[in-house]
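Here are my notes on the model you asked me to look over.

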Amino acid sequence: MRRVMGIETEYGIVVPGDPTANPMVASGDVVTAYATSRGIRPARASWDYADEAPLRDARGFDMGRAQAHPSQLTNEVDDPTLANVVLTNGARLYVDHAHPEYSSPEVTTPRDAVTWDRAGELVMREAVARLATVPPGVNLYKNNADGKGVSYGTHENYLMSRATPFASVVRHLTPFFVARQVMCGSGRVGIGVDSRTPGYQIAQRSDFFEVEVGLETTLKRPIVNTRDEPHAVADKYRRLHVIIGDCNHADVANLLKMGTTSLVLAMIEADAVGPDLTVRRPVATLHEVSHDPTLQTKLELADGRRMTAVELLWEYHDRAARFLDERHGGSPDEDTTEVMHWWSTVLDRLGRDPMEARREVDWVAKLAVLEGYRERDSLGWGDPRLKAVDLQWSDVRADRGLAHRLAATGRLEVLVSDAEVERAVTEPPSDTRAWFRGTCLSRFPDDVVAASWDSVIFDVAGQRMLQRVPMLEPLRGTEAGVGEIVRSAPDAASLLRALATADTEPPSSD
């Protein structure tokens, strides 16, 4: 189940008292405030766009730039200043059009994905605290919809084998994604893209999806995204870019989002999923499942069977269990064991009574809070006070965000300690190339001028040209692989010389 993975989160942003504030400028202030607090200077540790190709499609073609929506041009350099930086933990912090985005470093386990995703919340919290000293400041929200018709993404990334036919990925992942929201949805007050219809639904993003497969991420959003930009050895790897998930505050839901998807991908890669589970009308069914917190909606499969989302997820779970038994003799690694434990536990609880999963699942925990307000004040689902509670749930501030307060008082299951998350704010994971990227930024901040997922670029005194260290293999550049070389180098020039003679990818000149 272990694979290279990561989470990208765009945060909702508000300038208090100024509804006309430019969100791009405010988002730039967020990035600048945090970077400045960490000593990141202009023109240092910026993002390298050289290898980005956001219009390449996994179905075998490139979309023309003239046909692309501006939001798809992720390799456009709108602001070559502090609004796009790399952090010492290996993450990227930047402005994604109208939102500040934290893209976690590459990790290899769902638990680490949770850890470095939560580290992003602390990054954003610190930025808010810094900007609060200069009124009006900003407020940031870890959510996916503004309740007025706009949605912004939490994207997952999974490295997988290029040899796997993409048609198999689409066939087997589509029904899984339609059902997965009952474990991983974050909940939202209001039905429809603009939340105009009163009610409560399971997932924040589901109403915004319109097609089954496609390259777009902001218009005609697809259940399976086809962007083919591996940030790795292209003939060996594919990066599956998943845009259908919600952000999560609950550790268990976040772990399940990443872990169960990785397990299903492992079965797809091994051609071991089994009989087809294709769902008829997947887009309409996605919406219907989200609109039913009772979890009684039946999904119609292509073979004529009808089952609930929980029952469909049990089918995937049982197939995964058989797959693990066949491949690992019933003794998988501890990370896989943890995911399987929580997968069965949460499905059991959702199947008996969804409210039993209030400690593990975001949408259930939020619903429990909202029902408390509804009962106390006799509120209908159309009452604007409930939308205010929904927004407050996702506030990044520890004393204001309701999700943070529930976790702090033991009402949400916490898998990763605060100390681990705080350490992940500044330290990279040790078992991917993120370790080299982040450690170089920490040890040689004056010499790293740019970085990307697959390279670090140095400007070394006395050298005529910039020196690029390529990192196309995500599992190289680890602490175990190059830690001794990096730590023993007194300066960047010495590091580059040592890398050139070591058994690792050598630097090249730009």
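The points below go through backbone details, packing, hairpins, salt bridges and a tryptophan.

1. Before anything else, keep in mind that this is a predicted model.

2. Start with the prolines. The peptide bond that runs from Pro135 to Pro136 is cis, and its omega is near 10°. If you want to find the spot, Pro136 sits in the loop between α2 (110-131) and β9 (139-141).

3. Two residues have a positive phi without being glycine. One is His97, at about 60°, and you'll find His97 in the loop between β7 (92-96) and β8 (99-103). The side of the story that concerns solvent: His97 is partly exposed, because its relative accessibility is 28%. The other is Arg281, with a phi of about 50°, in the loop between α4 (251-269) and α5 (282-290).

4. Next, how do the axes of α1 and α2 cross? Helix α1 covers residues 23-37, and its axis comes within 8 Å of the axis of α2, with a crossing angle of roughly 95°. That angle is why α1 counts as roughly perpendicular to α2. On the α1 side, the residues that meet α2 are Asp29, Val30, Ala33, Tyr34 and Ser37. On the α2 side they are Val123, Met124, Glu126, Ala127, Arg130 and Leu131.

5. Now the hairpin of β11 and β12. Strand β11 (residues 188-191) pairs with strand β12 (residues 197-201) in the antiparallel sense, over three bridges. Ile191 is placed opposite Thr197 in β12. Five residues lie between the strands of this hairpin, and Gly192 takes a positive phi near 95° there.

6. Strand β18 (residues 448-452) and strand β19 (residues 455-458) are antiparallel partners over four bridges. Two residues join β18 to β19, and Ser452 faces Ser455 in β19. Is β18 buried or exposed? Five of its five residues are buried, so β18 is largely enclosed by the rest of the structure.

7. On to charges. The whole structure holds 33 salt bridges, and a few deserve a click. Arg3 and Glu269 meet through their side chains, at 2.9 Å from N to O. This pair ties together distant parts of the chain: Arg3 is in the segment before β1 (5-10), Glu269 is in helix α4, and 266 residues separate them. Arg3 counts as buried because its relative accessibility is 10%, while Glu269, at 30%, is partly exposed.

8. Another pair to look up is Arg239 with Glu8, where the closest N and O atoms are 3.8 Å apart. Here too, distant parts of the chain are linked: Arg239 belongs to strand β15 (residues 237-242) and Glu8 to strand β1, 231 residues apart. What is the relative accessible area of Arg239? It is 9%, so Arg239 is buried. Glu8 is buried as well, with a relative accessible area of 13%.

9. Glu356 is partly exposed at 34% relative accessibility, and Arg352 counts as exposed at 55%. Salt bridges also link Arg2, Asp333 and Asp335 in a network.

10. Last, a tryptophan. Trp342 is in helix α7 (residues 334-352), and it counts as buried because its relative accessibility is 10%. What does Trp342 contact, leaving aside neighbours within four places in sequence? The partners are Val252, Leu255, Leu256, Arg349, Glu360, Glu413 and Leu415. For a sense of how the chain comes back on itself here, Trp342 and Ala253 are 89 residues apart in sequence, with their C-alpha atoms 8.9 Å apart in space.

Key. Residues are numbered from 1 along each chain as its sequence is written. This is a predicted model: local features need pLDDT of at least 70, side-chain atom pairs count only at pLDDT 80 or more; totals for chains, interfaces and linings use all residues. Side-chain values use heavy atoms; hydrogens and water are left out. Buried means under 20% relative accessible area, exposed over 50%, partly exposed in between (1.4 Å probe, protein chains only). Axes are lines fitted to C-alpha atoms, for helices over the stretch in contact, and angles run from 0 to 180 degrees between N-to-C directions. Angles under 35 degrees count as roughly parallel, over 145 as roughly antiparallel, 65 to 115 as roughly perpendicular and the rest as oblique. Contact means heavy atoms within 4.5 Å. Two strands pair if DSSP finds at least two bridges between them. A salt bridge is a side-chain nitrogen of Lys or Arg within 4 Å of a carboxyl oxygen of Asp or Glu.
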